[in-house]
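Hello,

Here is the structure I promised to pass on to you. Please open it beside this email, and then read on for what turned up in it.

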Amino acid sequence: MPRILPLIAAQARPRLIGEPVSAFADEVTAALRTKPDSKLVVFPELHLFGDGQRTEALQDSAEPLDGPRIKELKELAADLGIWLVPGSVCERGPEGQLFNTQLVLSPEGELAGYYRKIFPWRPFEPYDPGDRFTTVDLAGIGRVGLNICYDAWYPEVSRQLAWMGAEVILNVVKTTTPDRRQELVLARANAIVNQVFVVSVNCAGPTGQGRSIIVDPEGNTIAEAGDDAEVLLAADLDLAAVGHVRTHGTENLNRPWSQFRDGEAAVELPVYQGRINPLTWTPPTFNA
């Protein structure tokens, strides 16, 4: 049975801190007019917090997950009947922490999942690190994994999400520096080695470097922004491609998730004080 995920990745300029959510609602609505069948719309990291990296402004803007801003965002997703990733937000944690938190809001207006960035970009970002990985099931479609900007530089993050059954990794980005060129390599590499789709959506200029990209499970580019101009990348992801490439191999050759034979010993991983165990190596399968 086909499982198609029509989506929009919005390479957009950040909105200023404090702008009403109604202004963002107009932006999402305009995006949907370009691809009305979209079930998922994804915006860049900190899209609603475009006031540079001034710690005071970010601290002042932070709200808990049950705060008024997220309440309005949930209502927006419900009004439009879509899965909405409004980038990430400044979250005030339960013990006063400042988290950079990616949200997934459901068509029913619920907070379906959230992810606190585990690897803030040190020493430049003021955020406290999160401590858990997150996947979200899009009912009847598939499973997405959440990932914020610098997380992509740590292969363990994408591998963990794939192991948790993610078929698509949503990497929301606010890269303002020249290393966006390397991030494009990482987007393809993380897709290839984990055999997943990767949607890496960066903010537009003049703040960001742009060059958003959508990659398939073999590392092929589905859609890409050639520069930092505002643009909407639209794609229909056939999630059956994940199962196909894992069964037949990348280029009909490489099947890393089927590496082990019955009865083989675990592979020790001293750098993690852990191991790869053949008995638990296969990722779970999403049941639509």
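Let's begin with Thr175, which sits in the loop between strand 9 and helix 5 (180-194). Keep in mind as you look around that this is a predicted model. Is Thr175 buried or exposed? Its relative accessible area is 3%, and because the cut-off for buried is under 20%, Thr175 counts as buried. Its side chain makes a polar contact with the side chain of Glu183, at 2.9 Å. If you set aside the neighbours within four places in sequence, the residues in contact with Thr175 are Cys149, Arg180, Glu183, Asn202, Gly208 and Gln209.

Six strands form an open sheet in the order 7-8-9-10-11-12, and their pairing is mixed. Strand 7 (135-138) and strand 12 (221-224) are the edge strands; each has a single partner strand, so one side of each has no neighbour in the sheet. From one strand to the next, the twist averages 20°.

At one of them, strand 7 runs antiparallel to strand 8 (residues 142-148), and four bridges join the two. There you can find Val136 opposite Val144 of strand 8. Val215 has Thr221 in strand 12 as its bridge partner. Strands 11 and 12 make a hairpin with five residues between them. In the turn of that hairpin, Gly219 has a positive phi of about 90°.

Next come the helices. Helix 4 (residues 155-163) lies across strand 7, strand 8 and strand 9 (168-172), and its direction is at about 165° to strand 8.

How do helix 4 and helix 5 meet, and at roughly what angle do they cross? Their axes come within 10 Å and cross at roughly 40°, and the two helices are therefore oblique to each other. The crossing is right-handed. On the helix 4 side, the residues that meet helix 5 are Pro155, Ser158, Arg159 and Ala162. Their counterparts in helix 5 are Asn190, Val193 and Asn194.

Conventions. Residues numbered from 1 in each chain as written. Predicted model: local features only at pLDDT ≥ 70, side-chain atom pairs only at ≥ 80, totals over all residues. Heavy atoms only, no water. Pairing = 2+ DSSP bridges. Axes fitted to C-alpha atoms, helices over the stretch in contact; angles between N-to-C directions. Contact = heavy atoms within 4.5 Å. Buried < 20%, exposed > 50% of the residue type's maximum accessible area, 1.4 Å probe, protein only. Polar contact = N/O pair within 3.5 Å; in protein donor to acceptor, adjacent residues only side chain to side chain. Parallel < 35°, antiparallel > 145°, perpendicular 65-115°, else oblique. Left-handed = near helix turned anticlockwise from the far one by under 90°.
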